[in-house]
Amino acid sequence: MIRWLVAMLFAANLAAAQVAVDPERTSISDGWWTLEVAVGLDQITPYRVFTLDEPRRLIIDVEGASFGDLDASTLLSGDRAAAVRFGPLRPGWSRMVVDLAEPLMIAQASMTAVGDGVDLTIVLERATPESFAANAGAPPDPGWDVITGFDPKVAQELAQSEDFVVVIDPGHGGIDSGAVRGGIKESDLMLLMATELAVMLKAQDGVQAVLTRDQDIFVPLSARMTLAREVSADLLISLHADALEEDDARGAAVYTLSVGGGSAAAQRSVERHERGDLLAGVDLDAADDRIATALMDLARAETGPEARRIADALVASMQGQGVLLNSNPRREGQFTVLTAADFPSILIEAGFLSNAQDRAVLATPEGRARIARAIRDTVVLLAR
Ligand SMILES: [Zn+2]
């Protein structure tokens, strides 16, 4: 059995190549005792293959490839794979996640020449739940989950600057699109809002703004926090837009970290916004619960009251700008991005993508600008 496989090529000219994926040669099918995954590529390229437990998934990362031409509904045949999704992961890399219906371990993974291209073939064999669990886990690569698109020099300059540094965190991205309603992806809309907000904030004296992602890539929650810490953030603002099954919920709301467990509704909202790490195959086992709890305690004591004051001021400011607020605009929840102890953080629900009117407002520059102006006015007061 293979625990994981990382095939890297150390040729600079290959690393930046655009790799075409052939849908005709790409399939996920049951063998007699196996699950067989084939990805048809037009050239050899670096890749990583591994499995994750709880839930059981096969993860395939391919450099330079876009899975955009694949159709998830026709890729699967057989019963051993339950679902598949794919999308951009980080700059230059795409990921495919195959949900496994039973414990299956990687028996073979290889790239072989086929005509003008290559086939990446992965064969998985049945395993016991115990052996699957023992062999699951991402390859040890400390640099992998760290954002690579961000210039360390810029981070250092921001960390040393006297300015008020706002980290804007557009929710989701890449393989994790967040809510999708009426043709609008939460990940795209939040990136647009974040970009517009950054322009507005940077125009203020003594204010700097930086984004946790500036393109359609997947950034794990932990990496977003790491970036905020690297630039010595004075405030982190995470941007989301929720979607519910029913379409009557409307309006913007501002979350801070809940002091207690938070309401059941808030917990469901956290799950909706944070399942991306799970969907995208982030190895959550790597997180240290003990440290997380200690950080939460600190957050409550030090940055908690400050974040709550900022959130209250922002809600008032949004009202002044004519932003339609939710009937319960000040909320609390246990969002990962709100747990930092070294800077205050808030999470803004810009509106509900499940509501057609909210969607229409957020689709216009003026609708987004109202929220951005409210944030700007709140930040300017803080930066003084
Ligand atoms: Zn979200």
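The following dialogue explains how to read selected features of a predicted model.

Trainee: Which conventions apply to the numbering and the values?

Mentor: Residues are numbered from 1 along each chain as its sequence is written, and side-chain values use heavy atoms, with hydrogens and water left out. As this is a predicted model, local features need pLDDT of at least 70 and side-chain atom pairs count only at pLDDT 80 or more, while totals for chains, interfaces and linings use all residues.

Trainee: Which protein donors does the zinc ion have?

Mentor: Donors are N, O and S atoms within 2.8 Å of the metal (3.2 Å for Na, K and Ca); water is not among the atoms, so sites may look incomplete. Here the protein donors are His172 through NE2, Glu186 through OE, His240 through ND1 and His273 through ND1, at 1.9 to 2.1 Å from the zinc ion. Along the chain, these donors follow the spacing H-x13-E-x53-H-x32-H.

Trainee: Where do His240 and His273 lie?

Mentor: Helices (H or I, at least four residues) and strands (E, at least two) are DSSP runs, numbered from the N terminus. His240 belongs to strand 14 and His273 to helix 7 (residues 264–279), so the pair ties together parts that are 33 residues apart in sequence.

Trainee: What is the arrangement of the four donor atoms around the zinc ion?

Mentor: Four donors count as tetrahedral if all angles lie between 85 and 135 degrees; four count as square planar and six as octahedral if opposite donors are over 155 degrees apart and all others between 65 and 115; anything else is irregular. The four donor atoms around the zinc ion subtend angles of 100 to 129°, and the arrangement is therefore tetrahedral.

Trainee: Is His172 buried or exposed?

Mentor: Buried means under 20% relative accessible area, exposed over 50%, and partly exposed in between (1.4 Å probe, protein chains only). His172 counts as buried because its relative accessibility is 3%. His240, with a relative accessible area of 6%, is buried, and His273 is buried at 4%.

Trainee: Which backbone feature does His172 show although it is not a glycine?

Mentor: His172 has a positive phi of about 65°. The residue sits in the loop between strand 10 (164–170) and strand 11 (180–181). Glu54 is likewise not a glycine and has a positive phi, of about 55°. Glu54 is found in the loop between strand 4 and strand 5, and counts as exposed at 65% relative accessibility.

Trainee: What is the peptide bond from Glu54 to Pro55, cis or trans?

Mentor: That bond is cis, with omega near -5°. Pro55 is placed in the loop between strand 4 (47–52) and strand 5 (57–63).

Trainee: How many residues does the largest nonpolar core have?

Mentor: A nonpolar core is a set of buried Ala, Val, Leu, Ile, Met, Phe, Trp, Tyr and Cys residues joined through side-chain atoms within 4.5 Å. The largest one has 40 residues, and Ile168 and Met318 have the most contacts inside it. Among the elements that each supply at least two residues of this core are helix 5 (186–202), strand 15 (252–257), helix 9 (303–320) and helix 11 (365–383). Helix 5 gives the largest share, eight residues.

Trainee: Which residues does Met318 touch?

Mentor: Contact means heavy atoms within 4.5 Å. Not counting residues up to four places away in sequence, Met318 touches Ala252, Val254, Val323, Leu325, Ile371 and Ala374. A second, separate core of 34 residues includes Leu35, Ala81, Leu104 and Leu120.

Trainee: How many salt bridges does the structure hold?

Mentor: Side chains of opposite charge can pair when their charged atoms come close. A salt bridge is a side-chain nitrogen of Lys or Arg within 4 Å of a carboxyl oxygen of Asp or Glu. The structure holds 16 salt bridges. In one of them, the side chains of Glu196 and Arg368 meet at 2.8 Å, N to O. Glu196 lies in helix 5 and Arg368 in helix 11, so the pair ties together parts that are 172 residues apart in sequence. Glu196 counts as partly exposed at 28% relative accessibility, whereas Arg368 counts as buried at 6%.

Trainee: Which parts of the chain do Arg250 and Asp358 link?

Mentor: Their side chains meet in a salt bridge of 2.9 Å, N to O. This pair links distant parts of the chain, with Arg250 in the loop between strand 14 and strand 15 and Asp358 in helix 10 (residues 356–362), 108 residues apart.
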